Amino acid sequence: MITTKGRYAIRIMIDLAENNKNGLVALKDVAERQNISKKYLEIIVKLLVQAKLVLGHSGKGGGYTLTRAPEDYNLREIIEAAEGTLAPVSCLQKDAPLCDRKDMCKTLPLWQEYYQLIDNFFESKTLLDLLKN
């Protein structure tokens, strides 16, 4: 399940893309426009900065900006920055320990196919796609 962290991360990115014409965007302004707690946005934007999806500058006149053009972001990377992996089961997570049931697991192909669908879907959608809506 994609939680509010993932959904709000996308909303933050859209807001930054729409409002960066004047340079840095203050988080308090994003919070007001998106009707989301500034405190909660601080947690999410920190994850976006760590993933190098946005740049943050503190101090007077500080704020946030995208590191790339909207068409260069796919939604998978934004959601994963906030949520972590989209893998539906733990054995498909990156760096997961090798499961001793892997060779006999009847459900593994199901989970692999489902994960591929999710991954392909969100990877095929860009931030620009959402801005056009």
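## A buried residue in a loop

Let's start with one residue. With a relative accessibility of 17%, Thr 126 counts as buried, because buried means under 20%. Keep in mind that this is a predicted model. Thr 126 sits in the loop between α5 and α6, the latter covering residues 127–132.

Which residues does Thr 126 touch, leaving out those up to four places away in sequence? They are Pro 70, Glu 71, Tyr 73, Asn 74 and Leu 75. Two of these names will come back below: Leu 75 is one of the buried residues of α4, and Asn 74 has a side-chain oxygen that takes part in a contact at the start of that helix.

## The chain as a whole

Now let's step back. The chain has six helices and two strands, and if you read along the sequence, they come in the pattern α-α-α-β-β-α-α-α. The C-alpha trace spans about 60 × 30 × 25 Å along its principal axes.

How much of the chain is buried? Of its 133 residues, 35% count as buried. Take the contacts between residues at least 6 apart in sequence: 63% of them join residues at least 24 apart.

Helix α4 covers residues 75–83. Why can we call α4 largely enclosed by the rest of the structure? Because seven of its nine residues are buried. Those buried residues are Leu 75, Arg 76, Glu 77, Ile 78, Ile 79, Ala 81 and Ala 82. The cover over them includes α1, α3, α5 and α6.

Both ends of α4 have something to look at. At its start, a side-chain oxygen of Asn 74 comes within 3.0 Å of the backbone nitrogen of Arg 76. After the helix comes Gly 84, with a positive phi near 95 degrees.

## How α1 meets α4

Helix α1 runs over residues 4–19, and it packs against α4 at an angle of about 125 degrees, with the two axes 8 Å apart. The crossing of α1 past α4 is right-handed.

Which residues make this contact? From α1 come Lys 5, Gly 6, Ala 9, Ile 10 and Met 13, while α4 brings Leu 75, Ile 78, Ile 79, Ala 82 and Glu 83. Sorted by type, the contact has seven nonpolar residues, one polar and two charged. Among the α4 residues here, Leu 75, Ile 78, Ile 79 and Ala 82 are also on the buried list.

## How α1 meets α2

On the α1 side, the contact uses Arg 11, Ile 12, Asp 15, Leu 16 and Asn 19, and on the α2 side Val 30, Arg 33 and Gln 34. This set divides into three nonpolar, two polar and three charged residues.

## Exposed spots in the loops

Is Asn 35 buried or exposed? It counts as exposed, because its relative accessibility is 71% and the cut-off is over 50%.

Lys 52 is in the loop between α3 and β1, where β1 is residues 54–57. Lys 52 also has a positive phi without being glycine, near 60 degrees. At 61% relative accessibility, Lys 52 counts as exposed.

Finally, find Asp 95 in the loop between α4 and α5, the latter spanning residues 108–124. Its relative accessibility is 72%, so Asp 95 counts as exposed. How far is Asp 95 from Tyr 8? The two are 87 residues apart in sequence, and their C-alpha atoms are 27 Å apart in space.

Definitions and conventions: Residues numbered from 1 in each chain as written. Predicted model: local features only at pLDDT ≥ 70, side-chain atom pairs only at ≥ 80, totals over all residues. Heavy atoms only, no water. Helix = DSSP H or I, 4+ residues; strand = E, 2+ residues; numbered from the N terminus. Buried < 20%, exposed > 50% of the residue type's maximum accessible area, 1.4 Å probe, protein only. Contact = heavy atoms within 4.5 Å. Axes fitted to C-alpha atoms, helices over the stretch in contact; angles between N-to-C directions. Left-handed = near helix turned anticlockwise from the far one by under 90°. Nonpolar A, V, L, I, M, F, W, Y, C, P; charged D, E, K, R; others polar. Polar contact = N/O pair within 3.5 Å; in protein donor to acceptor, adjacent residues only side chain to side chain.
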